[in-house]
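Please keep the sequence and the model in view while reading.

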Amino acid sequence: MDAAAPHDEPESPPAGEKPSLSEELYLPEILKGLATTFKHLIRPEKFTVEYPEKKKPIPQNFRGEHALKRDAQGRVKCVACFLCATACPSECIHITAGPTPPEWTDREKYPTKFEIDMLRCIYCGMCEEACPCDAIELTSKFYQVSETREEKYFGKDTLLRQPMKREYPDQG
Ligand code: SF4
Ligand code: SF4
């Protein structure tokens, strides 16, 4: 078996450079660490918030849960063109189109069923980008918890009930 190479041998301390007693006790480093700790203790700036009583502002471009919008007459704005479902990389939007009531003279179709499987959604915003009618929006809502998978399968009624971005006055 070969002898160990010279660079594998442990380095001995340079002659004449004995560490002082305080260095041997690590005192300077301990004091430096304590100074840093106390500096942060008395610092007025806080980086945490007491959620959920207090909430941090959410940027306007935050992408949270979806909402379907209504037009001025309170009807669903969606015209069931399927562009959002086609653009969705997760294939989690499921739409059934139906003919509009006779009094809806401005369009031929509307979604009789509009569902999003939120557990598959990756919040990419492609559906919002693809929509030619500004009918779907990713809101600032992110804190909705659920106990079952079914609750995260949003239907048309749930999507129409979602608050719009502008309904979050406390969020930047
Ligand atoms: S945000 Fe992305 S993944 Fe989610 S439904 Fe829209 S397109 Fe699909
Ligand atoms: S939400 Fe927009 S893109 Fe999706 S089907 Fe309705 S109109 Fe078309």
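Which residue in S3 is the bridge partner of Gly98? The partner of Gly98 is Tyr110. The model is a predicted one, in which local features need pLDDT of at least 70, side-chain atom pairs count only at pLDDT 80 or more, and totals for chains, interfaces and linings use all residues. Residues are numbered from 1 along each chain as its sequence is written, while chains are lettered from A and ligands numbered from 1 in the order in which they are written.

- S2 and strand S3 (residues 109–117) run antiparallel and are joined by seven bridges; two strands count as paired if DSSP finds at least two bridges between them.
- S3 and S5 also run antiparallel, with two bridges between them.
- Asp117 has Tyr153 in S5 as its bridge partner.

**The ligand surroundings**

- Around ligand 1 there are 14 residues (C-beta atom, placed from the backbone, within 6 Å), and Cys88, Cys121, Cys124, Met126 and Cys127 come nearest.
- The shell of ligand 1 comprises 12 nonpolar residues, two polar and no charged; Ala, Val, Leu, Ile, Met, Phe, Trp, Tyr, Cys and Pro count as nonpolar, Asp, Glu, Lys and Arg as charged, and the others, Gly among them, as polar.
- Ligand 2 is surrounded by 13 residues, of which Cys78, Cys81, Leu83, Cys84 and Cys131 are the closest.
- The shell of ligand 2 divides into 13 nonpolar residues, no polar and no charged.

Key:
Helices (H or I, at least four residues) and strands (E, at least two) are DSSP runs, numbered from the N terminus.
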